[in-house]
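Visitor: Hi! I'm new to this one, could you walk me through it?
Guide: Happy to. Let's get it up on the screen.

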Amino acid sequence: MGDDPEGSHYGFACIRRHMEIKALEKIAAQVRLDIVTMLCQAGSGHPGGALSAADLMTGLYFDQLKHNPKKPDWPERDLVIFSKGHACPVLYACLAEAGYFPREELLTLRKFGSRLQGHPGKDHGLPGIEISSGSLGQGLSVGVGAALANRLAKNDRRVYVILGDGECDSGQVWEAALSAGHFKLDNLCAVVDYNKLQIDGSNEEVMGLEPFAQKWRDFRWEVIDCDGHSFPEILAAYRRAKETKGKPSVLIARTLKGKGVSFMENQVCWHGDVPKGEKAEICFRDIKKCLEALDED
């Protein structure tokens, strides 16, 4: 591993790694506040899956990831392939919080000419975006290619692929999973936001995935189950993935769709609908209450 890059925001590659749990909880609450702020400003988007992934993404970006917001193309950085592209508000919020671009730019979400479109676009010029995504089921294939390239280059860069459980209906996910297991890509970690809901209903109603964990094991992956809203479990899961040798790892993170907003939690109707009026006020109230409670502790 190379030295921590000069000018890295808060010294991410070493100093800000292994943050206190409470600090991570505060960041995750701010990320959720930014998610609902930008979505309500835009008037459209996907809150449910963005909110459910907030803790997983916070743990990754602010404790585990080797990256440099001041030098987004730093050659030694780990890669984050955000496959569930429609949930991009959580990615944008994390990137802004980390210092890749000013938080004020979040308010341009989905606006004409903005770098923050409804699906991440590599060609939009937003720093921190590794691939254009949104056509579900393709990200893991990209991750496999990147992991193979890193192996050939003989570096220690890791590749993280953020998947929705609904997109695991796609056959391409399993072709990529089979390849990763075959090539023993222990520098690859898939993170499944397992909230058990997708656009048309529950996973079991639309396309049953169970036994989900066993499928990955059969494809020669290390399966790591965790509570996707518990930072001790999330961080332990990421560490275990790093320590696994000879095969890729998958975090199956049990989450709640719409986590952090009382009326959204575990409700499929908020997959792609943005709250307005009184509902929007409740969103802000719920998340600000969480932030205030963390400040009081």
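Visitor: Where is Gly 228 found?
Guide: This is a predicted model, and in it Gly 228 lies in the loop between β6 (222-227) and α9 (231-243).

Visitor: Is Gly 228 buried or exposed?
Guide: Gly 228 is buried, with a relative accessible area of 0%.

Visitor: And how far apart are Gly 228 and Glu 210 in space?
Guide: They are 18 Å apart, C-alpha to C-alpha, and 18 residues apart in sequence.

Visitor: Switching topic: how many disulfides does the structure hold?
Guide: The count is 0 disulfides. Take Cys 40: the nearest cysteine sulfur, that of Cys 283, is 5.6 Å away. A disulfide needs the two sulfur atoms within 2.5 Å, so Cys 40 is in no disulfide.

Visitor: How accessible are Cys 40 and Cys 290?
Guide: Cys 40 counts as partly exposed at 23% relative accessibility. Cys 290 also counts as partly exposed, at 38%.

Visitor: Now the surface. Which residues form the negative patch?
Guide: Glu 25, Glu 292, Glu 296 and Asp 297 form that negative surface patch.

Visitor: Which helix is Glu 25 found in?
Guide: Glu 25 sits in helix α1, which covers residues 21-42.

Visitor: And its accessibility, for Glu 25?
Guide: Glu 25 has 32% relative accessibility, so this residue counts as partly exposed.

Terms used
Residues numbered from 1 in each chain as written. Predicted model: local features only at pLDDT ≥ 70, side-chain atom pairs only at ≥ 80, totals over all residues. Heavy atoms only, no water. Buried < 20%, exposed > 50% of the residue type's maximum accessible area, 1.4 Å probe, protein only. Patch = residues over 30% accessible without salt bridge, like charges linked within 9 Å, V, L, I, M, F, W, Y side chains within 5 Å. Areas by Shrake-Rupley, 256 points an atom, 1.4 Å probe, with all protein chains shown as cover. Salt bridge = Lys/Arg side-chain N within 4 Å of Asp/Glu carboxyl O. Lys, Arg positive; Asp, Glu negative; His and termini not counted. Charge placed at Lys NZ, Arg CZ, Asp CG, Glu CD. Helix = DSSP H or I, 4+ residues; strand = E, 2+ residues; numbered from the N terminus.
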